[in-house]
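Subject: Handover of a structure and notes on its features

Dear colleague,

Please find the structure below, handed over for your study. I would ask you to keep it open while you read the notes that come after it.

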Amino acid sequence: MSEEGVLASAAQSDVDGTRWWVGMSGGGLETFTARSAHVSYDFRDLVADTVAALAVDERNGRIWVGTSGGGLTILGQEGQQADWRPYSPAASYTRAGRDGLPGCRVSTIYLDGERGYVGAWDGHSLGILEADGQWRHIAPPSGWQEGVYFIPFSITKGPAGALWVGTNYGLYRLNGDGWSHPYQPPWDNGTPGAVRAVAVDENKVIWIGVGSEGLALYDERLADSPWIGPITTHDGLASNDVRAIALLPTGDGALVGTKAGLSICRWKGETEKRPECEVNRELDLMGAPIHSLTISPEADQVLIGTANQALIFRLSDFGVPDN
């Protein structure tokens, strides 16, 4: 496999086990299973060689591939043939593509089973591809500074169907077409930082990578004091710059990828008010920038995208029992 920086990864169930999809910085897209050879796609398939975002549509097996500079391509797998559907970006970075993309340099993709949400580094809106194949756009939250790109870095669905969107200026909740005010931890009194990772666990607790200030959790069940944190290097994070969060299938914590290594954070008991975190020091990840974390559909393996390559471990390597 090419030793390129891995920016994005995804996985799906396959007749040979888990099929992994790996998006690289300058190396295109690669896919493989434990039993099959690698298949590579480059700029001739993707328009651009840097793959910055990936998502698997569980309904039809299609792979959404977001590139840096080449827009979005959706791969449909028909037998052994690759059926590509490109969505072309505009010639200019300052306006949406003619096919509806919010920008050329895709930053995140989120699929909720009915539609696809696409954000871009050079965007002025959130792009939504509806089930009927039509694009629509949602403008940034009110008060967004004019002339500043609206960059969604991470999107996930939370309680009651609302979307939580981590942006270059904080975390917002999206209900339909309406944005909330930014969600800011009480210890953050300044301008909201970039939120590059957000996830919602089975207890409806929201895990948030808060700029360069570490990890924060938001639990709406704690009405009087819903914020938990900050969780920083003093509490077991490898770095305060959180880049990726992967929830454990056991439901009791998460893997947290940072600019300088990996930590595992777990609730130790029902009465614990905050998870305990520990830097992984055994899997040659110390100091390594972690760009992506993906746990397999079988919930027994994790693919880690680093600045140099993709690494696959069993969850049991982190002390998490296999399902």
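The notes below go through strands, a nonpolar core, a cavity and some backbone details.

This is a predicted model, in which local features need pLDDT of at least 70, side-chain atom pairs count only at pLDDT 80 or more, and totals for chains, interfaces and linings use all residues. Residues are numbered from 1 along each chain as its sequence is written, and side-chain values use heavy atoms, with hydrogens and water left out.

Two open sheets

Strands (E, at least two residues) are DSSP runs numbered from the N terminus, and two strands pair if DSSP finds at least two bridges between them. Strand β3 (residues 28-32) is joined to β4 by three bridges in the antiparallel sense, and leucine 29 stands opposite tyrosine 41 in β4.

Another open sheet of four strands has the order β9-β10-β11-β12, again with antiparallel pairing. Its edge strands, β9 (106-111) and β12 (135-138), each pair on one side only. Here the twist averages 25 degrees from one strand to the next. Four bridges link β11 (residues 126-129) with β12, where tryptophan 135 is the bridge partner of leucine 129.

A covered strand and its partners

How many residues of strand β19 (residues 215-219) are buried? Five of its five residues are buried, where buried means under 20% relative accessible area, exposed over 50%, and partly exposed in between (1.4 Å probe, protein chains only). In a regular strand the side chains alternate between the two faces of the sheet. In β19, Leu215, Leu217 and Asp219 are buried on one side, and Ala216 and Tyr218 are buried on the other.

The largest nonpolar core

A nonpolar core is a set of buried Ala, Val, Leu, Ile, Met, Phe, Trp, Tyr and Cys residues joined through side-chain atoms within 4.5 Å. The largest one has 17 residues, and those with the most contacts inside it are Leu255, Leu293, Val302, Ile304 and Phe318. Two or more residues each come from β21 (242-247), β23 (261-266), β25 (290-295) and β26 (301-306). β25 gives the most, with three residues.

The cavity

A cavity is a set of points on a 1 Å grid over the protein atoms alone where a 1.4 Å probe fits but cannot get out; its lining residues have an atom within 4 Å of a point. Grid points are joined across faces, edges and corners, and a volume is the space filled by probe spheres set on the points. The structure holds one cavity of 30 Å³ or more, and the largest cavity contains about 70 Å³ of space. Its lining includes Tyr183, Asp188, Ile208 and Trp227. β15 (170-175) and β18 (205-210) each supply at least two of the lining residues.

Backbone details

Most residues other than glycine have a negative phi, and most peptide bonds are trans. Lysine 204, in the loop between β17 (195-200) and β18, has a positive phi of about 70 degrees although it is not a glycine. Alanine 299, in the loop between β25 and β26, has a positive phi of about 60 degrees. Alanine 299 is buried, with a relative accessible area of 10%. The peptide bond from glycine 229 to proline 230 is cis, with omega near 0 degrees, and proline 230 belongs to strand β20.

With kind regards

Notes. 1 Å grid on protein atoms, 1.4 Å probe; cavity = no way out; pocket = protein on both sides within 12 Å on 5 of 7 lines; lining within 4 Å. Axes fitted to C-alpha atoms, helices over the stretch in contact; angles between N-to-C directions.
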